[in-house]
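Have a look at the structure below, then read on about a pair of helices and a pocket.

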Amino acid sequence: MKNAGIIAEYDPFHAGHAWQIAEARRQGAETVTVCMSGDVTQRGGAALLPPSVRAAAALGCGADLVLSLPNPYACLSAEGFAAAGVAVLSALPALDTLVFGAETPDTAALVKTAKALRAEGFSAALARSLAGGAPFAAARAAAAGEVCPGAGAVLASPNNNLGVEYCKALALQNSHISPLALPRKGAAHGEARPGTEGFASASSLRTLWRQGGAAALEGYVPEAALALYKEAQAAGQDLDERAWGVAVLSRLRGTDAAAFARTRGTAEGLEHLLENALRTAGTLTELYDGMKSKRYAHARLRRYALDAALGYTAALRALPPYVHVLAANERGLALLRGSKKPAGASLARLARENDDCRAAAAAHAAAADLAALCRRAPGPMGGCYTQKPVLVR
């Protein structure tokens, strides 16, 4: 391994993330490139802090290059999220290894499970499991176990699941990058208490922030990151969750049923679940509760509602068409040479490259503008087109 890549949300960047970067370097990485979610996240919500702050934290804590995972792809399922991140990183010829955390840090086992998801017989096994009424994740794990003994157990853990999707995406895209699973350190996702190494989960840190602001994260995030977070809080750049809820619901109330039907991922009456729940929901929590279904995981309902609010349809290109730089040092900038996709630090310039870039940038801006409005100190429209990258010489 010489040039490592990481796909992450960093919502927020914390000590466990810093450990992963340091471990990649310990195992030989001379540079570390991060493909990081923008203003929205895979859980179907807005990030606690703007991408500029989170990218600066990553750069200050060991990364060399931070690239944007554009908003339309940052709020996809594990499969779509992984495929998009792999596509961005694979555009850089010098990258050779994709590093990621897993509960089962056995790269060979994860690659084998990824092959099971593409094996003959998997689709039929999945259909049988779904017909039996199992939720998608459980049905998928059961089907994988049918075609590859042991694969079901691998898919039972969230980070293993994402790691398998990375391996699958690398294979499907014929990427030159190889996967490398590292032990996932710290608390499990959503756990309130830190893990045995003292690392807290991002979700627990967001809870701490709500209770005590940036200062409450002391001891759980690197000092360089904490300083940035305190500055961001003082400037009102952290998310106002109530404002976010009102803004999303307002968008949805102004959308008609026909538009819901065009939302990407619409299937088996999802648009009707959303339309019906919206009639009485006064908060996003009430909306999601009203959409509950045994068939769909809560996270999918959240993502679907966000897609509908942002007008994301199946017309969006499946993979990001450009490489947008958020932060870099000189070593990181050198990695952009020979990029297979249009690359640069100006989203406005990238949007002028072609129609696909223009459409992806506009979809990204839709989410960025909505999130900017919902900061404690609301920001203007179009900021993602004018935001300067964080550069360290």
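First, some sorting rules: Ala, Val, Leu, Ile, Met, Phe, Trp, Tyr, Cys and Pro count as nonpolar, Asp, Glu, Lys and Arg count as charged, and the others, Gly among them, count as polar. By that scheme, the lining of the second largest pocket splits into 13 nonpolar, twelve polar and four charged residues. Bear in mind that this is a predicted model, where local features need pLDDT of at least 70. Residues are numbered from 1 along each chain.

**The pocket**
- A pocket here is an open set of points on a 1 Å grid where a 1.4 Å probe fits, with protein on both sides within 12 Å along at least five of seven lines; lining residues have an atom within 4 Å of a point.
- The second largest pocket has 29 lining residues, and Asp 39, Pro 50, Ser 52, Gly 383 and Gln 387 lie nearest its centre.
- H19 gives the largest share of that lining, with four residues.

**The helix pair**
- Helices H4 (residues 78–90) and H9 (residues 158–172) have axes that come within 8 Å and cross at roughly 50°.
- That makes H4 oblique to H9, because angles under 35 degrees count as roughly parallel, over 145 as roughly antiparallel, 65 to 115 as roughly perpendicular and the rest as oblique.
- Contact means heavy atoms within 4.5 Å, and among the residues making it are Phe 81 and Val 86 of H4 and Leu 162 and Tyr 166 of H9.
- Sorted by class, the contact of H4 with H9 has nine nonpolar, one polar and three charged residues.

Note on methods
Predicted model: local features only at pLDDT ≥ 70, side-chain atom pairs only at ≥ 80, totals over all residues. Heavy atoms only, no water. Axes fitted to C-alpha atoms, helices over the stretch in contact; angles between N-to-C directions. Helix = DSSP H or I, 4+ residues; strand = E, 2+ residues; numbered from the N terminus.
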